[in-house]
Amino acid sequence: ACDRMRGAGLDVYCATIHDIPVLQDTIDVIIAKDYLEHTWTPFDDLKKMYSLLKPGGVLHVETFHIACRKFDELGSNWKMLGFNHVYHFSPESLSKLILNSGFDIIDQDFDYEKILIKINARKRKGL
């Protein structure tokens with residue numbers, strides 16, 4: 001995906017958030033797809049993302065959530081609860097984490113039938 005976006009002429013960084021060599025308040029969009037469930041420090045990572053985004057910049061977060069039918073059906077046997085997923089979010093807990101990191105939520109997409117939750121948020125201006 002990064003190579004494809006670079007091919008379209010975009011400046012793209014594919015790295016952990018703490019290894020991106022850019023200054024604060026310089027990035028327009030951060031996409032954290034299948035990221036937050038793998039990091040040991042999701043709140044710190046979200047705060048770092050906040051610091052890197054320009055005022056009004058957009059954050060897109062996508063991960064699985066535990067308030068879905070699959071989790072209810074399979075419980076601890078659900079493959080998404082594997083060792084490489086450090087954190088498991090409900091829509092409510094992920095929304096609160098993003099809000100507490102300084103963002104305003106623009107929209108959310110999740111429901112009981114889908115395992116994915118998608119949240120778009122904007123860096124608050126003037127903070």
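This is a short walk through one predicted model, from its strands to its core and then to a few single residues.

Okay, some housekeeping. Because this is a predicted model, local features need pLDDT of at least 70, side-chain atom pairs count only at pLDDT 80 or more, and totals for chains, interfaces and linings use all residues. Residues are numbered from 1 along each chain as its sequence is written, and side-chain values use heavy atoms, with hydrogens and water left out.

S1 (27-33) and S2 (53-64) run parallel, joined by six bridges. To get from S1 to S2 the chain goes through H2, and this β-α-β crossover is right-handed. That means that, with the strands pointing away from you, the path from the first strand over the helix to the second runs clockwise. On the other pairing, S2 meets S4 (116-123) in the antiparallel sense, over seven bridges. For pairing, DSSP has to find at least two bridges between the two strands.

Then there's S3 (103-109), which runs antiparallel to S4. Six bridges join S3 to S4, and a hairpin of six residues connects them. If you want a spot to look at, Asp107 has Asn120 as its bridge partner in S4.

So how enclosed is S2 by the rest of the structure? Largely, because nine of its 12 residues are buried. Buried here is under 20% relative accessible area, exposed is over 50%, and partly exposed is in between, with a 1.4 Å probe and protein chains only.

Ala121 sits on the covered face of S4, along with Ile117, Ile119 and Lys123. The uncovered face has Leu116, Lys118, Asn120 and Arg122. In a regular strand the side chains alternate between the two faces of the sheet.

Now the core. A nonpolar core is a set of buried Ala, Val, Leu, Ile, Met, Phe, Trp, Tyr and Cys residues joined through side-chain atoms within 4.5 Å. The largest one here has 22 residues, and those with the most contacts inside it are Ile30, Met49, Leu59, Leu94 and Ile98. S1, H2, S2, H4 and S4 each supply at least two residues of this core, and the largest share, four residues, comes from H2. In soluble globular proteins, nonpolar side chains tend to be buried together.

Take Ile30 as an example. Beyond residues up to four places away in sequence, Ile30 touches Ile17, Met49, Leu52, Leu53, Val58, Leu59 and His60. Contact, by the way, means heavy atoms within 4.5 Å.

On to H4, residues 91-100. Which residues of H4 are buried? Pro91, Leu94, Ser95, Leu97 and Ile98. They cover an arc of only 160 degrees around the axis, so they are on the same side of H4; that arc is taken from the directions from the helix axis to the C-beta atoms. An α-helix has 3.6 residues a turn, so residues three or four places apart point the same way. The buried residues of H4 pack against H2 (42-52), S2, S3 and S4. Turned away from that buried side are the exposed residues Glu92 and Asn100. After H4 comes Gly102, with a positive phi near 110 degrees.

From the H2 side, look at Leu46. Leu46 is buried, with a relative accessible area of 0%. Leaving aside neighbours within four places in sequence, Leu46 is in contact with Leu36, Leu59, Leu97, Ile98, Ser101 and Phe103.

Last one, His65. It sits in the loop between S2 and helix H3 (69-74). Is His65 buried or exposed? Buried, with a relative accessible area of 0%. The His65 side chain reaches the backbone nitrogen of Ala67 at 3.2 Å. A polar contact is a pair of N or O atoms within 3.5 Å; within protein, one must be able to donate a hydrogen and the other to accept it, and residues adjacent in sequence count only if both atoms are side-chain atoms. Not counting residues up to four places away in sequence, His65 touches a list of residues including Trp78, Phe89, Pro91, Phe110 and Ile117. And Ile117 is also the bridge partner of Thr63 in S4.
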